[in-house]
Every structure is written in C-alpha cells, then in structure tokens.
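I opened the model to look up ring pairs, charges and backbone angles. My notes follow in the order I took them.

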Amino acid sequence: MIKVKDRKLLLLPGDGIGPEVVREVRKIIEWFNKNKSLDFKIEEGLVGGASYDKHKTPITDEVFYKALESEAVILGAVGGPKYDNLEFSKRPERALLKLRKELKLFANLRPAICFKQLVDASSLKPEIISGLDIMIVRELTGGIYFGEPRGIEPIENNERKGINTHTYTTNEIQRVARVAFDLAKKRKNKVTSCEKSNVMEAGILWREEVQSLKDKEYKKIELEHMLADNCAMQLLRNPKQFDVIVTDNLFGDILSDEAAMLTGSLGLLPSASLGARDKNGKTRSMYEPVHGSAPDIAGKNIANPIATILSLSMALKYSLDLDKEAEQIDKAVQSVLDDGLRTKDIMSKNMKEVSTSDMGDAIISKLK
Ligand code: NAD
C-alpha cells in the first residue's frame, strides 16, 4: 500500500498541446485533494523544447531528480518544428529517452480500447472493432534503439554505413514477459508474444525465454507465439482475438501505434511505463498520452485532454493503489461521452463540440 506521504506526482507538461492537456489533469488532481482528501503533492517541471528554451538542455538535473523522487511522472508531450534542427543530444525527445532509461522504465503499457460511443470513429467496420479491449506491452529500454555498436560511418567508394544493433538478454525478455503475464491474470488469461524468430536470432531467444517463463510460473495462462508481421495483419483482420500482446521495443513501437489507430482517435489513448521494483518495494513509473505535441493545434484550446486524463487514471491504478479513484475517472469520461460532448478531433453529427478546458470541467462535474 502506498503511504499518503508518498503520493508525490510530478507533472511535466512539455511542448505544444502538452501544457493544455496537463492543465486539465492538474485540475482533476486538485479536485481529488479538495473533495477526497487524497493529499497528492503536485510538482511541475520543464521538459523537452520548453526546457531547452530556458536551460539549453531537454531536461535539467533538477527536474530529473524530481522524477526520481516522485511516485509517478505524468508527461504531456515534447517536440515541435522549432526544435527539429537541433543537434541530436539537445532534441526534446532525448529527455524522454533519458527518463525511460534512467528510471529503468522497461515496460510500456498501451491499452487499445474502443469506446462504444466512438465506434464510428474507427476506419474498421463496427462489428470488428466494437468492444475491443487489448493491452500492448512493449519492451522499452532494450533492443535496437539502444544496442551497441551504433552510428554512421564512412566506407569505401565515398559511401556511408548506418549501424544499429538488436540485442536482448534473458532477464530483459523475462521481466517484460512477467508484466504481460501478470496483467493477463487480471484480464482474459491470454498472452500473445510477437517477434521475428523466422529471421532473427534475438527473436528465437525471445520466443524461448517467454515460453520458459510461462512453463515455470504461469502454467494457467494461454500463451501464443506470433510473428510480428502476422500480428500487424491480425490486428486489422480480427483484433478482438487478442488480450495482452507482449513484444520488443521496435515491433512494439509500430504495433502499438497500429492498435491505437484501430480505435479512431489519438486523443483518447493513454499509456504507462513501468520500472522494476527497487529494494524498498518502490516502482518508478511515467504516464503519458500516446499522441505527440500536435503543433498544428497548439494554443487553441481545442486539443482532446482525455488521453492525458486517462493516463492519470492509469497512474492511480498502477502506481498509487487507488483503483477506486481510477475507476471514478474512467466512468466520468464515459459519462461525458454518453452526454454527447466531443472535442474537435472526435466530433460527429448531433454531438456538442467543446474546448479542452470545457471537456476537463465536464469530466470533473461527473466526478462529483
Ligand atoms: P501528433 O500526435 O502530435 O499529431 C498527429 C495528429 O493528431 C495531428 O493532426 C494532431 O493535431 C492530432 N492530435 C494529436 N493529439 C491530439 C489531441 N490530444 N487532440 C486532438 N488532436 C490531436 O504527432 P506528429 O504530428 O507526428 O508529431 C508532432 C510532434 O510531436 C513532433 O515533434 C513529434 O516528434 C512529437 N511527438 C512527441 C511524442 C511524445 O512526446 N511522446 C510522441 C509522438 C510525437
């Protein structure tokens, strides 16, 4: 059980629409403090381009240490055209990679749920998508995005060679598979593990290690192995066959975006990144919407805050043992959608278009 004194939340709004959507999250946390005496301690910091503008670095040590000390980090989004030409180490997304790496956030959880009220927003037929509820667990700190050697080097004939290395160890595979199996226990008891064991040795190892963990510790869970390219097809053909999908960093990046788009709008999709438990039993974690900083709509008060609000709900559930309050938020979101309120991105006929802040206020009114 998380002690009340440990309910420290760090808000990192970031760039573009980040500050607009995180503002709505802050309002909800303050509502809980006032009405439910939950006593969250909220801190805020600059990250990404906003941090670069002020400190010439995408994340300062001060903010980084605040992240280490907090129970959960809730991030808006980083990046934007203004920062596209910065040197690699100064780019906004380096802050995310640093946080993921240093907080040892090795498991990224992305639910893809199709809200019944928004079934028409999907490009798939309603019967294929209606009632969809899958969870993608992506390994986040290993694989080809971090493997060494890496770089671009000159070769003969005035040509260049780009190098990235895809590596995984037993421990890296089994700890993320364990997260997937534990989640499946609370859901429909099924895990699909995806790799490319037909063409990659690291894929063969992935398959063997996931299977061996299941055989040892999770005998009652149904485990299916699937090649990642087939999984990409199956997600479009029959997504409801899946419960929990576990996969590596690269395939997870792509498959989770694909699954996200099945549900129609980026503005609705939260995510959680979880770290290992330390010796004091503390798990570090970061929660963020799946979408980016949406520079095309930034500053207009039209962004959809629901993905970030549902990220807060995941934080309450996975980091703060506050399942009841998480459910209260989820229900408030459903209820607002039932009432026909829509931000511009999910607007449809006969619905009422509302701004970012109106959507936040409407969700708060349902908490009451
Ligand atoms: P994006 O997710 O920011 O936007 C894609 C499209 O979806 C845009 O048309 C945008 O207006 C819309 N959209 C996104 N979120 C929305 C919301 N909450 N409400 C309404 N509409 C929304 O992706 P992009 O355009 O590819 O990237 C823009 C910037 O964001 C880039 O700099 C990119 O690097 C960065 N990015 C950051 C993250 C992150 O911080 N985790 C993730 C992805 C992209």
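**Helix α11 and its end**

Helices here are DSSP runs of H or I with at least four residues, strands are runs of E with at least two, and both are numbered from the N terminus. I noted the ground rules next: this is a predicted model, local features need pLDDT of at least 70, side-chain atom pairs count only at pLDDT 80 or more, and totals for chains, interfaces and linings use all residues. Residues are numbered from 1 along each chain as its sequence is written, and side-chain values use heavy atoms, with hydrogens and water left out.

I checked the length of α11. It covers residues 323-338, 16 residues in all, and spans 22 Å from first C-alpha to last. That is close to the expected 22 Å at 1.5 Å a residue; the expected span is 1.5 Å times one less than the number of residues.

Which residues of α11 are buried? I found E325, A326, Q328, I329, A332, V333, V336 and L337. Buried means under 20% relative accessible area, exposed over 50%, and partly exposed in between, with a 1.4 Å probe and protein chains only. The cover over these buried residues includes α1 (18-36), α10 (306-318), β13 (341-342) and α12 (356-367). Contact means heavy atoms within 4.5 Å.

**Aromatic rings**

I set the pairing rule first. Rings of Phe, Tyr and Trp (its six-membered ring) pair if their centres lie within 6.5 Å; planes under 30 degrees apart are stacked, over 60 edge-to-face, the rest tilted. I get four aromatic pairs by this rule. W31 and F32 have ring centres 5.3 Å apart and planes at 80°, so I log the pair as edge-to-face. W31 is buried at 10% relative accessibility, and F32 is buried at 0%.

F181 and Y218 make a stacked pair, 4.7 Å centre to centre with 25° between the planes. This pair links distant parts of the chain, 37 residues apart: F181 is in helix α6 (170-185), and Y218 is in the loop between α7 (201-217) and β9 (222-227). F181 is buried, with a relative accessible area of 0%. Y218 is buried too, with 6%.

I also searched for charges over rings. The test is NZ of Lys or CZ of Arg within 6 Å of the ring centre and within 35 degrees of the ring normal. The charged end of K98 sits over the ring of F64, 4.6 Å from its centre. K101 has its charged end over the ring of F146, 4.6 Å from the centre.

**Salt bridges**

How many salt bridges does the whole structure hold? My search finds 22. The criterion is a side-chain nitrogen of Lys or Arg within 4 Å of a carboxyl oxygen of Asp or Glu.

R110 lies in strand β4 (105-113) and D257 in helix α9 (249-262), so the bridge ties together parts 147 residues apart in sequence. R110 is buried at 10% relative accessibility, while D257 is partly exposed at 39%.

E43 bridges to K66, with the closest N and O atoms 3.8 Å apart. The two sit 23 residues apart, E43 in strand β2 (41-44) and K66 in helix α3 (61-69). E43 is partly exposed, at 34%.

D39 forms a salt bridge with K41, closest N and O atoms 3.8 Å apart. D39 is partly exposed at 41% relative accessibility, and K41 is partly exposed at 34%. I also logged E24, K27 and D361 as a linked network of salt bridges.

**A buried lysine without a partner**

I stopped at K214, in helix α7. K214 is buried yet has no salt bridge. The nearest side chain of opposite charge is D215, 5.2 Å away. Lys and Arg count as positive and Asp and Glu as negative, with His and the chain ends not counted. Leaving out residues up to four places away in sequence, K214 touches F181, K219, I221 and L223.

Most residues other than glycine have a negative phi, and most peptide bonds are trans. I looked for exceptions. A cis peptide bond joins E148 and P149, with omega about 0°. P149 is in strand β6 (147-154).

N158 is not a glycine, but its phi is positive, about 60°. N158 lies in the loop between β6 and β7 (160-165) and is exposed at 82% relative accessibility. N189 has a positive phi near 65°. N189 sits in the loop between α6 and β8 (190-195) and is partly exposed at 32%.
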